[in-house]
Amino acid sequence: MCFLLCGNCSKMGHWGLSESHPIGYDGLYQGGATTIQRRVFGLHLSLRHDVQYFRGLPVQGECVWDFVMGAEKTIHLACIMAYSFLIAPTELCDNGLPLLAKEIHFRCESCVDMLFVRGSGNCVQCDTPLRKSNFRVQLFEDPAVDKEVEIRKKVLKIYNKRDFDFSNLREYNDYLERVEEIVYNLTNNLEVEGTKQIMEAYQRENRDIIQKNKAKLTREQEELEELLLLEQQGNEQRRLETLQEEQRQLQAKRKSKQALLDELERSHVPATILLAQHKDRAAQLETQIEKQKQVVKTTIFSTGIPMGQTVSLLTVNRLEEVLYHYQPIHMHTYGPPVPELEQLGRLGYLNHVRTAQPQDMAGGYNSGLACHRAIQDAFSGLFHPLG
Amino acid sequence: MFHISSQKKYWTFDNEESLEQLRCEANQKYRNKMLASGKPGVSDAVFLEAHEENVLFRHYEKRLLDFCNAFKPVMPKSVVGTAIMYFRRFYLNNSLMEYHPRTIMLICAYLSCKVDEFNVSSTQFVGNLVQESAAGQERALEQILEYELLLIQQLNFHLVVHTPYRPMEGLLIDIKTRYPLLENPESLRKSVDDFLTRVTLTDSGLLFPPSQIAMTAILNSASRAGLSMESYLTECMGLKEDKETLLKMYDAMRRIKSLMKKYELPKPDEVNAYKVKLERVHADFGTNSNMKRKRGYEDDDHVAKEPRMTEEEWTDEDLDDL
């Protein structure tokens, strides 16, 4: 078992054990999942293999810094604060840690449980008040991405305007750009205070619009959920039905086999006739089953709206557009007019073309096609104006 | 159809002078490029003039025609026509000194087989180069495959060529149906074919629509055979009232015939002299195509992975301190 030391201490040979000892950045080991062994009080401690690192800090996996003080109690010390990217290593706050605008705190689950058994507590290293509810399972490998995703969710709860809230595309794009700026600033800890003020100001001004959009969103979500639910129900039903069908079929087969055996035993009619009868009955049974399957349940109206669903009665916008008028295409061939394909036979062209063999006709070819193409090519561009 | 084709839009020019102009420009462009590149031994005398290029062009074109005619399996005429048209179009915008016609001519044939759906595998194709050994055929195939995309590019990706053969068939059918004055149009067929083969060796394909070339062929053969077909144009084509179009047609036909007359096979001694010059130009200034072949990843600078930091190992020394 190992104990992480900050670089300063290890350099100076201090092997003291202290829970609240602050951990400096440069004392952390880079990468690798091998064993690191350090001597502490004559004990060889080693780091476990299954830890994932982020910039040298154990982030996920099991909490490995089981630290035995030669006593009964184990305290997890390896829940190390992961620093965000903007570290100025020369600046140190008073407890020896680099001064950061905002840190991401990583803890393994068991540590979270233990540390926040009372509901809220302080980060072990830097005494920032933290709440247990604020810890979420890390979804993305890169913690910066996770942080950004969380921030984005919060921001978009407030900035929830949609594209039809704006009169033109330019304004909508400007709005989106502002939102992205805010998210960027918050993620990279630039002007956090100013950004927060901007957000609050926006929230105050557009409170009613935010509410309205929230309502719209929820309605859409409801509709989606309804659809999903229906789909699921449909699937379930179908599954159950097929299962039941199979069961019934199996049973029917078994019964008929049993009946056949019984009859073979009992009756005096010769066996071949009995077998024939049995086959007839089996065929009849199958056709019956087929017919049953074709009974369609009526669950939807003819327009496609399922029965029993609530229909929203909002008016649909009318769109006025110019009506389409058909105009036949006119092709300028720069040549004399070509007779139509259907007229070729009547006009006698087909007499001078090789007649189609039965094999060709079977494939859909007829001599008119080749003739028509040759005539078209012959007449196309014949009167082409030259320079 | 021809009237909506790329051939009509982009590859039909107004007169022979514009074609000459384009060829001179191509020649000049190559010369300027070589002079500007500053390679040793570059001087104006080394390069071919436009008319010398013309002679060589005709020579190689004839060779292409012979190659296609000797091809096994027998190449349809439209494929031959397409190949020659590609050859002609390519050297309208490029100089013979830049790309050797011997390679380009094979690529034209190969591409036109593909475009015209005349299915020949590449091995079968190079098998027709009877004078080369198997290794020579391999090399030829490699060269073909290398320059194929270049050819397509220089054709501006306009690969569909309308040759006069189908219009000729169509006109014969029409004559048989609507023009009973001419008793046996089939008798004309041989001389018409001959005429069309000779016309592909001229610039007519780049100046006139294929149907006009076919019409010229038929009327010419008819007049050679002593049969009169004047009323065909006026009556059947409905040009009795339209004098202007009729005049234009006659004009076009006259021009085609004059182009045919002007064509002559290149003289062998001239050809040899210019060939020597061409070979020298290619030997001195031609880029060796093999160098251009892409190498594998070994030569590219690829980003090497950073070495892992070596962890401190537990050594015996540590034990000693215990």
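**Reading two chains of a predicted model**

Student: How far does helix α12 (residues 243-262) of chain B reach, and what span is expected?

Tutor: Helix α12 of chain B has 20 residues and reaches 29 Å from its first C-alpha to its last, close to the 28 Å expected at 1.5 Å a residue. The expected span is 1.5 Å times one less than the number of residues. Helices here are DSSP runs of H or I with at least four residues, strands are E runs with at least two, and both are numbered from the N terminus.

Student: What kind of model is this, and how are its parts labelled?

Tutor: This is a predicted model, in which local features need pLDDT of at least 70 and side-chain atom pairs count only at pLDDT 80 or more, while totals for chains, interfaces and linings use all residues. Residues are numbered from 1 along each chain as its sequence is written, chains are lettered from A and ligands numbered from 1 in the order in which they are written, and side-chain values use heavy atoms, with hydrogens and water left out.

Student: Which residues of α12(B) are buried, and what covers them?

Tutor: The buried residues include L246(B), M249(B), M253(B) and I256(B). Their cover includes α2 (16-37), α9, α10 and α11 of chain B.

Student: Why does N27(B) count as buried?

Tutor: Its relative accessibility is 3%, so N27(B) counts as buried. N27(B) lies in helix α2 of chain B. Leaving out residues up to four places away in sequence, N27(B) touches L48(B), E49(B), A50(B), E53(B), S95(B) and M97(B), where contact means heavy atoms within 4.5 Å.

Student: Why is the pair of F166(A) and Y172(A) called tilted?

Tutor: Rings of Phe, Tyr and Trp (its six-membered ring) pair if their centres lie within 6.5 Å; planes under 30 degrees apart are stacked, over 60 edge-to-face, and the rest tilted. By this rule there are 17 aromatic pairs over all chains. F166(A) and Y172(A) lie 5.5 Å apart centre to centre with 45° between the planes, so the pair is tilted. F166(A) is also buried, because its relative accessibility is 13%.

Student: What makes the pair of F67(B) and F71(B) edge-to-face?

Tutor: Their centres are 5.7 Å apart and their planes 80° apart, so the pair is edge-to-face. Both F67(B) and F71(B) are buried.

Student: How do you know that R23(B) lies over the face of F57(B)?

Tutor: A charge sits over a ring if NZ of Lys or CZ of Arg is within 6 Å of the ring centre and within 35 degrees of the ring normal. R23(B) lies over the face of F57(B) at 5.9 Å from the ring centre. F57(B) also belongs to one aromatic cluster with F87(B), F90(B), Y91(B), Y99(B) and Y147(B).

Student: Where is confidence lowest and highest in chain A?

Tutor: pLDDT is the predictor's confidence in each residue, from 0 to 100. Strand β6 (residues 74-76) of chain A is lowest at a mean of 33, and helix α9 (residues 358-362) of chain A is highest at 92. The mean for chain A is 70.

Definitions and conventions
Buried means under 20% relative accessible area, exposed over 50%, partly exposed in between (1.4 Å probe, protein chains only).
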